[in-house]
Amino acid sequence: MLKHLFSPIRIGSMELKNRIVLPPMTVGYGVPEGTVSEKHRDYYEARAEGGAGLIITEAAAVHAQRKYGMFPLGLYEDDQIRSWNELAEATHRHGAKLAVQLMDPGPESIMMLTGIQPVGPSPVIGRGLFRDVPRELSIGEIEAIVEDFAEATRRAKEAGLDAVQIHAAHGYALVGSFMSPFFNKRTDKYGGSLEGRLRLLLEIIEAVQDKVGKDFPIIVRMSGDERRTGGRTLQETQFIARILVEAGVDALEVSGGTIPTVFWAVVAPSGTPLGLNTDFSKAIKEVVDIPVISVGRINTPRVAEFILETGRADMVSMGRALHADPELPNKAAAGEFDDITP
């Protein structure tokens, strides 16, 4: 019945048994060391056992002094590799592939927790709680951050993970804010034109490939449209997507909106349209030849199948659906739709 949802697909060198993705969601199981806790491991293994094809963990920090929240996952020290290896083995036991989302929070660092002023492309903030004015990064600091991402990817590969995802969405965190014309007001090579705003992400991709080779898959999460005045439009994103493919990106996960101004479009509540970002993913799919993943209010297997069958995406991220019922894929494959916890 769900022939598209349960058909295999490749992301670069990685073959997936189906097209169901657990996207990154912070679940609150972090520990001070930044390692994968036992609760984290159990959580992700349950979704792997439940049948998801690809597990993408919540955001992992790439630097010890720039963390997302209180106790985020981390890949900034070699001592953290072992716990990630244990997670990889746990998910692989059930035939799932494992990726980690890499994120430098940049402007989203909370100074009251870290004691360190946030950094960003420019001293610009959006409206929102705890948003301190970020300090503009120097070119030397940007170059060091690029190396942080490359080293974090090396650790992920050494731990046995199958891919990395770079968070570049929602005008959010470091890479996303560099890409957004609303937050990036720089006049040097990392700002100004669209190509300038994209430079940081392209340098990260190049550094990652130099570190781990071009056969280790890179996924980029990005907003199809930032849905705000002064933000990036869908047409610009289509243009960027073509550049990212040329740079060697293996898949794109397409979201929408910005944080905090258009947060309803990032984590869409009940009452908003199902698959609210599928127009964006479809438009991007039309201009690239790599898998495009759509995310946002895809909450039942039948909705997911419709999105794939009608060419709106190649894969679907089902975050809250898999949070509610980790067995959703197995139940859907067996036709047990009424037994799925909504």
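Which helix does Leu 113 lie in? Leu 113 belongs to helix 3, which covers residues 111-114. Helices here are DSSP runs of H or I with at least four residues, strands are runs of E with at least two, and both are numbered from the N terminus.

A word on the model before going on. This is a predicted model, where local features need pLDDT of at least 70 and side-chain atom pairs count only at pLDDT 80 or more, while totals for chains, interfaces and linings use all residues. Residues are numbered from 1 along each chain as its sequence is written, and side-chain values use heavy atoms, with hydrogens and water left out.

Now the overall picture. The chain has twelve helices and 13 strands. Its C-alpha atoms fill a box of roughly 55 × 45 × 40 Å along the principal axes. Of the 342 residues, 59% are buried (under 20% relative accessible area; exposed is over 50% and partly exposed is in between, with a 1.4 Å probe and protein chains only).

Back to Leu 113: with 39% relative accessibility, this residue counts as partly exposed.

Next, the aromatic rings. The whole structure holds four aromatic pairs (rings of Phe, Tyr and Trp, the last by its six-membered ring, with centres within 6.5 Å; planes under 30 degrees apart are stacked, over 60 edge-to-face, the rest tilted). Two of them are listed here:

| Pair | Centre to centre | Angle between planes | Kind |
|---|---|---|---|
| Tyr 29 and Tyr 43 | 6.2 Å | 70 degrees | edge-to-face |
| Phe 178 and Tyr 190 | 6.4 Å | 85 degrees | edge-to-face |

Take the pair of Tyr 29 and Tyr 43. Tyr 29 sits in the loop between strand 3 (20-22) and helix 1 (38-49), and Tyr 43 in helix 1, so the pair ties together parts 14 residues apart in sequence. Tyr 29 is partly exposed at 30% relative accessibility, whereas Tyr 43 is buried at 7%. Ring pairs also join Tyr 29, Tyr 43 and Tyr 44 into a cluster.

As for Phe 178 and Tyr 190, both are buried. Phe 178 is in helix 5 (residues 173-179) and Tyr 190 in the loop between helix 5 and helix 6 (194-212), twelve residues apart. Elsewhere, Lys 185 lies over the face of Phe 182, 5.8 Å from the ring centre.

How values were computed:
Lys NZ or Arg CZ within 6 Å of the ring centre and 35° of its normal.
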